[in-house]
Amino acid sequence: MKILILGGDGYLGWPTAMHLSENGHEVACADNYLRRTVCLNEDVSPLFPTPSLPERAARWKSVSGNDVKVFIGDLTQWDFVSEVFGGFKPDAIVHYAEQPSAPYSMLSRRAASQTLNNNLNTTANCVFAVREFCPKAHIVKLGTMGEYGTPDIDIEEGWLNVEHKGRTQRFLYPRQAGSLYHTTKVMDTDMLWFYVRTWGLAVTDLMQGPVYGATTPESGDDERLMPFFNYDELFGTVLNRFVVQAVADIPLTVYGSGGQIRGYLNIIDTLKCVRLALENPASPGELRIFNQLTETFSVKQLARMVQEAGAGMGLNVRIENIVNPRKEAEEHYYNPTYTGLKDLGLEPTLLTGEILQSMMALALRHKGNIRRETIFRGVKWA
Ligand code: USQ
């Protein structure tokens, strides 16, 4: 297939580009370097430097022989969107092109506005471009488990049958997001559902939990092919942060009691899930939703696992419960269904001490780059 990755420079975009091209697809990436720009503006940096997208594409070509086409520009601008879609004419689109940080979306009015403008306008432009340039193309959109929040009932895979006064209807499962970033993903889902009903688009919406890891089969140990590995408060997801804190002798920053449960997955499984969704597309007029996680943990469970894996490497990892800067339930029920992707063939890569130790070994190699002042700045929700 010809697959266009929107947000191809990001934490998941670049590894997905390599993975799909290695699996025989023709791949193009579009990105405006939003992540790089915001990191620069907010003075946070990844654990090791990440070459530009054309540099990574050239390196990937030299090691694998696979081409990845690169478009640099802003997908909120229609001229650029029409150049990319009109030029490449994809069979499928993977849409990652969003401001991905919950804390950043809560930082200031400006950051909130940037998150709204970027995330909603890229999704709208993607929908309009599909209609204009490739109406049969399948859109695979990255959503988030955070759209559902932490309801006191089981979380179904996207939809809920509601019986009311003797009649029934299938609705999108109720959403109650926990940050403005997560709210933009709820709005994306609503927008896509509207255009699926109205224009008959084929869409898969992947409700993904926090991802961890940096190494994929395609990157191997070559750090120039690895994604951004952020560990700062704005862009680091919790497990990547804990691994870096462990090697830097910074107490693990467990927010509040640490009873917050989320669904996690290894970056390797993100790639497998996205490929499975692409190779088994939704039908025209269908909004198909999968919950994309492989196991659930509370934050305190993760902290203990990191502590134990660190001990195995001779590290004395400390855990600190700090006042939670976010507004979220710290003790709650959490029981999501996640069978759809396994039914398509996903074999999960579960979290082990060995995986944690390999992440710590990577962090140890770059210990000198760790900027302690970026670990916690206390972006408050309320
Ligand atoms: N947490 C801590 N200590 C930390 C950082 C986080 O206790 O130092 C806690 C948070 O309070 C939260 C949990 O760990 O309860 C997960 O936080 P996170 O920062 O790893 O993830 P989150 O902000 O929810 O967002 C991340 C990604 C986002 C993705 C989402 C999946 O940034 O792109 O959509 O994970 S989910 O959370 O399931 O919606």
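The paragraphs below lead through a predicted model, starting with its strands and moving on to a pocket and to its aromatic rings.

Strands of a sheet pair through backbone hydrogen bonds, either parallel or antiparallel. Strand 1, which covers residues 2-6, pairs with strand 4 in the parallel sense over four bridges, and in this pairing Ile-5 stands opposite Val-94 of strand 4. Strand 4 also pairs with strand 5, again in the parallel sense and over four bridges, and here Val-94 is found opposite Val-140 of strand 5. Strand 5, made of residues 138-144, in turn runs parallel to strand 8 and is joined to strand 8 by seven bridges, with Lys-141 standing opposite Asp-205 of strand 8. Strand 8 then pairs with strand 12, residues 286-292, in the parallel sense and over seven bridges, and Gln-208 stands opposite Gln-292 in strand 12.

Two of these strands are worth a second look, this time for the directions in which their side chains point. In a regular strand the side chains alternate between the two faces of the sheet. In strand 4, residues 92-95, Ala-92 and Val-94 point one way while Ile-93 and His-95 point the other way, and all of them are buried. Strand 8, which spans residues 202-208, is mostly covered, since seven of its seven residues are buried.

Strand 9 and strand 11, the latter made of residues 261-266, run parallel and are joined by two bridges, and Tyr-212 has Asn-266 as its bridge partner in strand 11. An antiparallel case is found in strand 6 (residues 159-164) and strand 7 (residues 167-172), which are joined by six bridges; one of the residues concerned is Val-162, whose bridge partner in strand 7 is Gln-169. Strands 6 and 7 form a hairpin with two residues between them, and in the turn Lys-165 has a positive phi of about 50 degrees.

From the strands we can turn to a helix and then to a pocket. Leu-53 lies in helix 3, residues 53-64, and counts as buried because its relative accessible area is 0%, where buried means under 20%. Although Leu-53 and Val-70 are 17 residues apart in sequence, their C-alpha atoms lie 7.2 Å apart in space. The second largest pocket holds about 200 Å³ of space. It is lined by 13 residues, and the closest to its centre are Ala-214, Thr-215, Ile-355, Ser-358 and Met-359. Helix 12, residues 353-365, gives the most to this lining, with five residues, and by class the lining has seven nonpolar, four polar and two charged residues.

The last topic is the aromatic rings, for which the model gives a count of ten aromatic pairs. In one of them, Trp-78 and Phe-133, the ring centres are 6.3 Å apart and the planes stand at 25 degrees, so the pair is stacked, a term for planes under 30 degrees apart. This pair links distant parts of the chain, as Trp-78 is in helix 4 (residues 78-88) and Phe-133 is in helix 6 (residues 109-133), 55 residues apart. Trp-78 itself counts as partly exposed, at 30% relative accessibility.

Another pair, Phe-194 and Tyr-195, is edge-to-face, with 4.9 Å from centre to centre and 70 degrees between the planes. Phe-194 is partly exposed at 38% relative accessibility, whereas Tyr-195 is buried, with a relative accessible area of 14%. Both belong to one aromatic cluster, formed by Phe-128, Phe-194, Tyr-195 and Trp-199. Charged side chains also meet rings in this model: Arg-131 lies over the face of Trp-199, at 3.8 Å from the ring centre, and the charged end of Arg-170 sits over the ring of Trp-159, 4.1 Å from its centre.

Terms used
Residues numbered from 1 in each chain as written. Predicted model: local features only at pLDDT ≥ 70, side-chain atom pairs only at ≥ 80, totals over all residues. Heavy atoms only, no water. Phe/Tyr/Trp six-rings, centres within 6.5 Å; stacked < 30°, edge-to-face > 60°. Buried < 20%, exposed > 50% of the residue type's maximum accessible area, 1.4 Å probe, protein only. Lys NZ or Arg CZ within 6 Å of the ring centre and 35° of its normal. 1 Å grid on protein atoms, 1.4 Å probe; cavity = no way out; pocket = protein on both sides within 12 Å on 5 of 7 lines; lining within 4 Å. Points joined across faces, edges and corners; volume = space filled by probe spheres on them. Nonpolar A, V, L, I, M, F, W, Y, C, P; charged D, E, K, R; others polar. Pairing = 2+ DSSP bridges.
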